[in-house]
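Let's take a walk through this one together. Keep the viewer open and follow along, element by element.

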Amino acid sequence: MAAKGVLPAAYQTPCRDQSGPGAFVPFGVAKACRFRHPRVFRHGESKRKHSTFTAQRVKTKAEGDSSKPGSEEPSSSPATLSGESKSDMQLPREVIQQLRDVVFGFDTFYVTSVENYQANGVLFKGNLRGRSPAEAYARTAKRFQTVMGDDYQLYFLEDQQNKPVAVVLRKDATQELTPALPEGVLAALFAAGTVVTTLNTFGLPLLDPSKLDLNPSTVTAALPGTLAFFALLGVHEGGHRWAASRRGVQLSLPFFIPAGLGLLGSFGSITRFKSTLPNRQTLLEVAAAGPAAGAAASLACLLLGLGLSAAGLGGIEVEPSAFEDSLLVGILGKLFLGGQLAGKQSLSLNPLTLAGWAGLVVNALNTIPLGELDGGRIAFAMWGRRAASRIGVVSTLLLGLTGIVDELALYWVLLVLFLQRGPLVPQQEELSEPSKELTPLAVGLLFLPLLILLPLPFGLNSSPAVGSVF
């Protein structure tokens, strides 16, 4: 599952260059730009800093600031407009002043400077006040609703220096472009393609007309594995939707991505967030629920299939060496099937074995910490946007290098780069860390790709002796 949206670029840095005042450059390019650090006034600073601050306020008043004429008392949240003239600001000057005086303040977010943000927003730099970011945001958002109504959205984010910033954007700035086809039609087309590739995987060669045999026995033989695999995809998607409904988050329809590689009939689904998430805790809950449920159901299906295979209830011929492609599946295969894996050209496996195995691979691929994958969202929720971005770069490089020798890794990294590279949709308040209760689950899910996608380090014949459980 993944979500796309327009990200308030709080992690971008203002760069004064040929592109004009207030222009922004992407994360990573900003280091090459010279940018201005706003002067922050705090209690206890020297008289020199206080004098400088007062001089700036007097200068601002002379240029038409909304402070009362003849008064040198600072407002409850004084700020300078960083290099922007009255006509340059993307919100009316009186609205910005009202935000500073009424919405922000000493008890929530003390504003020190104001800058334009993207094409239709304003960024406020300053100091976060209060006992916690969540409390400060709640109080600020309540005042913000009174002043700005429903047309604008307030965000508490971090900039490149890990400093808190407040961003005000129009709500339509984070809405995606309307697709050429209705969402339901697109979802149905993707699902139909996934049905074809999954049936092809389980023995009905719809992608190879020269081998296609539509007699009832062939179709019937392909149905158990296909239905089981789709059920596992449904469990994954249902986990996301259950968590989202608990938090009042709206999701789009799932777009299942056809695969047709090896035992994979699908790469899983892409699902968009249709509403803004309140915080990183909510993001973690929704992102982790899908792969947690999907991986658990897939493992149960794999164990059941291995048990039936060991009892002689097979159906699909597989080379025993295939078990060497996965660390966890190889160990379980050796445990259940024992000597059946050695010295044979083929092995008859129950369709549930392949369905569970494929389900584990899908969940492992989606928990790689990269872009808008579930793993990318989990990493962002756990450690913040900047850390998740760095982890994503490392994951991309590793997948790219693996793709030189592995077809699945190549297809997956290309798919992610084209469809799910991000950036992640922002939460209303991104400063608060999630609770520690979900940390073991989140870390475990991030390790799932290593258990499923890494090959068995020793051959089936040379592995430590493990007898069959049957």
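**Starting from a helix**

Helix 4 covers residues 183-201, and its 19 residues reach 27 Å from the first C-alpha to the last, close to the 27 Å expected at 1.5 Å a residue. That expected span is 1.5 Å times one less than the number of residues. Helices here are DSSP runs of H or I with at least four residues, strands are runs of E with at least two, and both are numbered from the N terminus.

Before going further, a word on what you're looking at: this is a predicted model, where local features need pLDDT of at least 70, side-chain atom pairs count only at pLDDT 80 or more, and totals for chains, interfaces and linings use all residues. Residues are numbered from 1 along each chain as its sequence is written, and side-chain values use heavy atoms, with hydrogens and water left out.

Back to helix 4, where Ala 187, Thr 194, Thr 197, Thr 198 and Leu 199 are buried. Buried means under 20% relative accessible area, exposed means over 50%, and partly exposed is in between, with a 1.4 Å probe and protein chains only. The cover over those buried residues includes helix 5 (216-247), strand 8 (255-261) and strand 9 (264-270).

Zoom in on Leu 199, which sits in helix 4. Leu 199 counts as buried because its relative accessibility is 12%. Leaving aside neighbours within four places in sequence, Leu 199 is in contact (heavy atoms within 4.5 Å) with Leu 204, Leu 206, Ala 222, Leu 223 and Thr 226. Leu 199 and Gly 265 are 66 residues apart in sequence, yet their C-alpha atoms are 7.5 Å apart in space.

Strand 8 and strand 9 pair in the antiparallel sense over 4 bridges; for two strands to pair, DSSP has to find at least two bridges between them. Phe 255 stands opposite Ile 270 in strand 9, and Phe 256 stands opposite Ser 269. The two strands form a hairpin with 2 residues between them, and Gly 262 in the turn has a positive phi of about 60°. How much of strand 9 is buried? The count is 7 of its 7 residues, so strand 9 is largely enclosed by the rest of the structure.

Most residues other than glycine have a negative phi. Asn 162 is not a glycine, but its phi is positive at about 60°. Look for Asn 162 in the loop between strand 6 (152-158) and strand 7 (164-170). With a relative accessible area of 45%, Asn 162 is partly exposed.

The largest pocket holds about 1200 Å³. On a 1 Å grid over the protein atoms alone, a pocket is an open set of points where a 1.4 Å probe fits, with protein on both sides within 12 Å along at least five of seven lines, and lining residues have an atom within 4 Å of a point. Points are joined across faces, edges and corners, and the volume is the space filled by probe spheres set on them.

What lines the largest pocket? There are 40 residues, of which Asp 406, Leu 408, Ile 452, Leu 453 and Leu 454 lie nearest its centre. The lining divides into 29 nonpolar, 6 polar and 5 charged residues. Here Ala, Val, Leu, Ile, Met, Phe, Trp, Tyr, Cys and Pro count as nonpolar, Asp, Glu, Lys and Arg as charged, and the others, Gly among them, as polar. Strand 10 (316-318), helix 8 (351-366), helix 10 (385-402), helix 11 (407-419) and helix 12 (439-453) each supply at least two lining residues, and helix 12 gives the most, with 7.

In strand 10 you'll find Glu 317, which counts as exposed at 53% relative accessibility. Not counting residues up to four places away in sequence, Glu 317 touches Ser 346, Leu 347 and Ser 348. Over in helix 10 is Ser 395, buried with a relative accessible area of 9%. Beyond its neighbours within four places in sequence, Ser 395 is in contact with Ile 368, Pro 369 and Leu 370.
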